[in-house]
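User: I am new to reading structures. Could you take me through this one, feature by feature?

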Amino acid sequence: LDGEYVLKQKITASDRTPHSYFGSRNALRMMGNTMTIGSYGAPDGSLNGQVYVFTRPTSGEDWVETAKASPPDGRTAGSFGEQITLSGSQLLAGSLTNVYAYDLKHCHITSLSP
């Protein structure tokens, strides 16, 4: 089609709710066949937030949710996932008071406090 976009896939979180704010603000990152989407609200209506990881086997195939990151310290992290960045297998997810570093290849989680 000349000059028109065609919807390929609607991407949603497995536990998305109206107050999860999935994909809003600055919460989308893609590198190769890995995409991270932040959701600064949680399914329970709090602002704990989550970051969803989607992958696709090869370019052109559908995206599949493969992982979900939540604040590992069990505390309210306020807007976790509102700001995210992705570089290689490294994912950084910010909250109001912390930055969390994830290694997507090894599922290693590190919390960095100010």
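This is a predicted model: local features need pLDDT of at least 70, side-chain atom pairs count only at pLDDT 80 or more; totals for chains, interfaces and linings use all residues.

User: How many helices and strands does the chain have?

Analyst: Helices (H or I, at least four residues) and strands (E, at least two) are DSSP runs, numbered from the N terminus. Here there are zero helices and eight strands. From the N terminus, the order reads β-β-β-β-β-β-β-β.

User: What share of the residues counts as buried?

Analyst: Buried means under 20% relative accessible area, exposed over 50%, and partly exposed in between (1.4 Å probe, protein chains only). Of the 114 residues in this chain, 35% are buried. Contacts give another view; a contact means heavy atoms within 4.5 Å. Among contacts in the chain with a separation of 6 or more, 37% come from residues 24 or more positions apart.

User: Which residues make up the largest nonpolar core?

Analyst: In soluble globular proteins, nonpolar side chains tend to be buried together. A nonpolar core is a set of buried Ala, Val, Leu, Ile, Met, Phe, Trp, Tyr and Cys residues joined through side-chain atoms within 4.5 Å. The largest one here has nine: V51, A69, F80, I84, L86, L91, A93, Y100 and Y102. Strand 5 (83–87), strand 6 (90–94) and strand 7 (99–103) each give two or more residues to this core. Another core, of seven residues, lies apart from it and includes F22, M35, Y52 and F54.

User: How many aromatic pairs are there?

Analyst: A pair of aromatic rings is described by the distance of the centres and the angle of the planes. Rings of Phe, Tyr and Trp (its six-membered ring) pair if their centres lie within 6.5 Å; planes under 30 degrees apart count as stacked, over 60 as edge-to-face and the rest as tilted. The whole structure holds four such pairs. Take F22 and F54: their centres are 6.3 Å apart and their planes at 65°, so the pair is edge-to-face. F22 sits in the segment before strand 1 (28–31) and F54 in strand 3 (residues 50–55), so the pair ties together parts 32 residues apart in sequence. F22 is buried at 16% relative accessibility, and F54 is buried at 2%. Next come F80 and Y100, with centres 5.2 Å apart and planes at 75°, so this pair is also edge-to-face. F80 lies in the loop between strand 4 and strand 5, and Y100 in strand 7, 20 residues away. F80 is buried at 0% relative accessible area. Y100 is buried at 0% relative accessibility.

User: Which residues do ring pairs link into a cluster?

Analyst: F22, Y52 and F54.

User: Where does S70 lie, and what does it touch?

Analyst: S70 is in the loop between strand 4 (64–69) and strand 5. At 32% relative accessibility, S70 is partly exposed. Leaving aside neighbours within four places in sequence, S70 contacts G49, Q50, F80 and Y102.

User: And S79?

Analyst: S79 is found in the loop between strand 4 and strand 5. S79 is buried, at 9% relative accessibility. Beyond neighbours within four places in sequence, S79 contacts Y40, L47, G94, S95 and L96.

Conventions. Residues are numbered from 1 along each chain as its sequence is written. Side-chain values use heavy atoms; hydrogens and water are left out.
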